[in-house]
Amino acid sequence: MTTTPTPRFQVGDQVTVRDATTMFHTRTQGYVRGHTGTVTEHRPAWIVPEDEAFGIIENGRYTPFYVVRFKQTDLWPDYTGFEVDTLETECSELWLEPAGKEKK
Amino acid sequence: MASTPTQYDSFQRQAANLTPADRLPLDSPYEISNELYGLLRKVLHDLGGQPDTPVPFTEKGEEDWEMNTYLTCECLGWRGVWNSEERRRRENDLGATQYFGLPYYARWITTAAKALVDRGLITTDELGRKMDEVRARLEGQRS
Amino acid sequence: MSTTHSHAPLKESPLTEFEVLELAVRELAIEKGLFSADDHRRFAEWAESRTYTVGSRMVARSWLDPAFKERLLRDGTETSKEVGVDWLQPTGQGTPSDYTYFYVLENTPKLHNVIVCTLCSCYPRPVLGMSPDWYRTPNYRRRMVRWPRQVLAEFGLHLPPDVEVRVHDSNQKSRFMVMPMRPEGTEGWSEDQLAAIVTRDCLIGVALPRADVTASQVPKQPKGRNGGNKR
């Protein structure tokens with residue numbers, strides 16, 4: 001927990017959010033799961049919320065976090081805005097795969 | 001979990017339909033479909049993209065109990081009793097009726113009380129007695 | 001907003017069960033030594049002194065001082081200190097709910113930023129104060145990520161097709177504030193004059209500053225929408 005883990009992804013990388021079954025608390029929104037976006041920034045490493053939410057701090061998984069940018073037209077079937085519109089949100093490394101690895 | 005945008009849209013429309021205002025009749029059914037189980041176990045706070053109708057975006061300042069709830073919950077975090085992500089998880093654990101039925105800060109203070117009970121820091125009867133005492137005291141002050 | 005901590009003066013408002021529950025939890029926590037009454041008082045002093053006018057000040061100064069703007073965009077947390085906000089306060093480690101990572105999102109002629117937290121209501125309290133009630137509603141959280149232009153239109157903000165609307169779903173430890181563009185008609189204005197037109201809604205991204213609208217013209221938040229739960 002004291003050492004900063006080396007980020008697996010770099011700014012500009014295409015990443016796909018894992019589409020995993022979740023039984024309980026998570027902060028990875030359903031609407032980004034299975035979708036591919038671009039890493040735009042690194043964020044400081046932190047305990048993943050799936051551990052923190054259950055009070056698991058000392059032994060919590062400490063991972064890099066990333067800002068991922070998505071095209072709105074990729075996320076929603078009937079997006080009523082314009083092609084240029086985007087959405088950014090943050091993901092722990094636990095939830096990300098290199099784009100193309102995860103089959104839709 | 002649905003994978004394509006269209007499937008997810010369908011999923012979220014049904015999830016939105018579970019809120020108290022407009023809900024499916026659920027009465028501890030003997031069996032349910034996997035699809036319905038998927039909807040029921042979805043973490044409640046993940047509601048981005050659920051259709052809803054426009055409403056007036058009202059302004060409202062904090063009432064005393066709301067600000068005090070924020071402060072009490074933050075002090076519990078500050079002094080290491082819990083953390084704010086645990087609070088958010090506990091809000092989800094309230095279940096849909098309370099999650100959507102309670103005002104924002106009422107969700108907070110309800111989870112704070114439950115967290116203290118779960119940790120054995122207070123007992124439920126102690127909490128009930130304290131509430132009765134506080135209610136009587138405040139009513140006395142205001143009568 | 002000045003008497004929200006303990007020993008509020010007697011008042012006429014009806015007693016709510018939420019008030020009873022909060023005070024019961026607080027008194028039990030203090031009796032058990034989980035935190036002290038002084039902790040609560042200190043946090044209250046800090047929380048009650050939070051106001052979005054600090055955010056307005058940061059934007060106005062950025063419009064006038066490119067070096068400040070560069071620092072603010074590069075390191076929002078550190079640069080907040082220049083306007084008197086230390087994200088480590090009031091605990092020495094930040095607030096439990098908002099912690100200490102602050103990022104400022106710059107609007108450009110081709111980019112408009114807007115903030116939502118679909119999962120709860122993450123909000124940069126240290127620089128904007130307590131969040132508005134509408135920001136916390138499931139309605140705003142449901143719709144802003146998917147129908148941003150419609151929701152912005154409901155706030156009176158219509159953006160042209162060639163402006164990218166970028167929604168920031170604030171879902172982890174970062175907290176955000178929007179830096180709008182300086183509007184026309186403000187040439188030669190002082191920092192105070194400029195700060196006065198940067199309303200809270202501009203800093204969330206649901207409004208744009210206008211030379212003819214100051215924060216003092218925006219309706220004040222009435223205390224209590226419905227008095228909480230009625231007994």
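Q: In what order do the 7 strands of the open sheet lie?
A: This is a predicted model, in which local features need pLDDT of at least 70 and side-chain atom pairs count only at pLDDT 80 or more, while totals for chains, interfaces and linings use all residues. Residues are numbered from 1 along each chain as its sequence is written, chains are lettered from A in the order in which they are written, and side-chain values use heavy atoms, with hydrogens and water left out. Strands here are DSSP runs of E with at least two residues, helices are runs of H or I with at least four, and both are numbered from the N terminus; two strands pair if DSSP finds at least two bridges between them. The pairing in this sheet is mixed, and the order is β5(A)-β1(A)-β2(A)-β3(A)-β4(A)-β3(C)-β2(C).

Q: Which strands are the edge strands of this sheet?
A: An edge strand here pairs on one side only. One belongs to chain A and the other to chain C: they are β5 (96-98) of chain A and β2 (111-116) of chain C.

Q: Which residue of β3(C) is the bridge partner of A:Leu87?
A: Strand β4 (residues 86-92) of chain A pairs with strand β3 (residues 164-169) of chain C in the parallel sense, over 4 bridges. Within β3(C), the partner of A:Leu87 is C:Val167.

Q: Which element gives the most to the side of chain C that touches chain A?
A: Contact, meaning heavy atoms within 4.5 Å, joins 28 residues of chain C to 28 residues of chain A. Elements that each supply at least two residues of this side of chain C are β1 (101-106), α9, β3 and β4 (174-179). With 6 residues, the element that gives the most is β3(C).

Q: How much area do chain C and chain B bury between them?
A: The contact takes 77 residues from chain C and 66 residues from chain B. Buried area is the accessible area (1.4 Å probe) that two parts lose on being put together, summed over both. Of the area between these chains, 61% is on carbon and sulfur atoms, and the total is about 6800 Å².

Q: How many salt bridges are there between chain C and chain B?
A: A salt bridge is a side-chain nitrogen of Lys or Arg within 4 Å of a carboxyl oxygen of Asp or Glu. One of them links C:Lys32 with B:Glu126, whose closest N and O atoms are 2.5 Å apart. The count between chain C and chain B is 11.
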